Amino acid sequence: MKITTYLFDFDGTLMDSEPAIISSYYHVFEIYATPEEFTDERKTEVLGPPLETEMRKFFPNADVYEVMEEYRQYQEQHLHELMKPMNGAVELLKWLKEEGYPTGIVTSRLRKSLELILKVFELEQYFEVL
């Protein structure tokens, strides 16, 4: 079977986004709960599941959409200091493009957020499908 397209997960595969995720959660815990409630166990727990699911679990008495918006705004404001491409990811994407392989991203991240990050880090040129 011939491979025709390479699909990548985004967070933790192409981008080292763990510091951004942890920092953004810490920020909303400061506002909607207490920083102490964002335990080491919770820091591990938030890596992977959809944002809305986690926000509903951690902040059941808050407007979940307001909390998510606060999280997203914080993350967008701090992208350059909290996020970076994974080691070797840019070189791999350049090589795949040079070799003519189409690439795409599969993620639970909102498209708007994904497109912003790709633009900020000048990676949008490497993907045919989002």
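Which residues is Gln75 in contact with, leaving aside its neighbours within four places in sequence?

Reply: Gln75 contacts Ala20, Ile21, Ser24, Met83 and Arg109, with neighbours within four places in sequence left aside. Contact here means heavy atoms within 4.5 Å. This is a predicted model, in which local features need pLDDT of at least 70 and side-chain atom pairs count only at pLDDT 80 or more, while totals for chains, interfaces and linings use all residues. Residues are numbered from 1 along each chain as its sequence is written, and side-chain values use heavy atoms, without hydrogens or water.

Gln75 sits in helix H4, residues 64–77. Helices (H or I, at least four residues) and strands (E, at least two) are DSSP runs, numbered from the N terminus. Gln75 counts as buried because its relative accessibility is 5%. The cut-offs are under 20% relative accessible area for buried, over 50% for exposed and in between for partly exposed (1.4 Å probe, protein chains only).

Now take Glu76, also in H4. Its relative accessible area is 37%, so Glu76 is partly exposed. Beyond its neighbours within four places in sequence, Glu76 contacts Lys112 and Leu116. Tyr101 is 25 residues from Glu76 in sequence, and their C-alpha atoms are 30 Å apart.

Next, how H4 packs. Two packed helices are described by the angle between their axes and the distance between the axes. H4 packs with helix H3, residues 51–58, at about 120 degrees, with the axes 10 Å apart. That angle is why H3 counts as oblique to H4. Angles under 35 degrees are called roughly parallel, over 145 roughly antiparallel, 65 to 115 roughly perpendicular, and the rest oblique. Axes are lines fitted to C-alpha atoms, for helices over the stretch in contact, and angles run from 0 to 180 degrees between N-to-C directions. The crossing of H3 past H4 is right-handed. A crossing is right-handed if the near helix is turned clockwise from the far one by less than a right angle, and left-handed if anticlockwise.

Which residues meet there? H3 brings Leu51, Glu52, Met55 and Arg56, and H4 brings Val64, Tyr65, Val67, Met68, Tyr71 and Arg72. By class, that contact has 7 nonpolar, no polar and 3 charged residues. Nonpolar covers Ala, Val, Leu, Ile, Met, Phe, Trp, Tyr, Cys and Pro; charged covers Asp, Glu, Lys and Arg; the others, Gly among them, are polar.

H3 also pairs with helix H1, residues 18–32. Their axes come within 12 Å and cross at roughly 30 degrees. The angle therefore makes H1 roughly parallel to H3. This crossing is right-handed. Tyr25, Val28 and Phe29 from H1 meet Leu51, Glu54, Met55 and Phe58 from H3.

In soluble globular proteins, nonpolar side chains tend to be buried together. Here the largest nonpolar core has 20 residues, and Phe10, Leu14 and Phe127 have the most contacts inside it. Helices H5 (79–82), H6 (89–98) and H7 (111–120) are the elements that give it two or more residues. Apart from it lies another core of 15 residues, including Tyr25, Phe38, Val46 and Val67. A nonpolar core is a set of buried Ala, Val, Leu, Ile, Met, Phe, Trp, Tyr and Cys residues joined through side-chain atoms within 4.5 Å.

Phe10 touches Met15, Ile105, Val106, Thr107, Arg109, Leu114, Ile117 and Leu118, not counting residues up to four places away in sequence. Val106 belongs to strand S4, residues 103–106. With neighbours within four places left aside, Val106 contacts Leu7, Phe8, Asp9 and Phe10. Val106 and Val46 are 60 residues apart in sequence and 19 Å apart, C-alpha to C-alpha.

One backbone detail. Glu122, in the segment after H7, has a phi near 55 degrees, a positive value in a residue other than glycine. Glu122 counts as exposed because its relative accessibility is 58%.

Last, the whole protein. It has 7 helices and 4 strands, in the order β-β-α-α-α-α-α-β-α-β-α from the N terminus. Of its 130 residues, 35% count as buried. Among contacts between residues at least 6 apart in sequence, 70% join residues at least 24 apart. The C-alpha atoms fill a box of roughly 50 × 30 × 25 Å along the principal axes.
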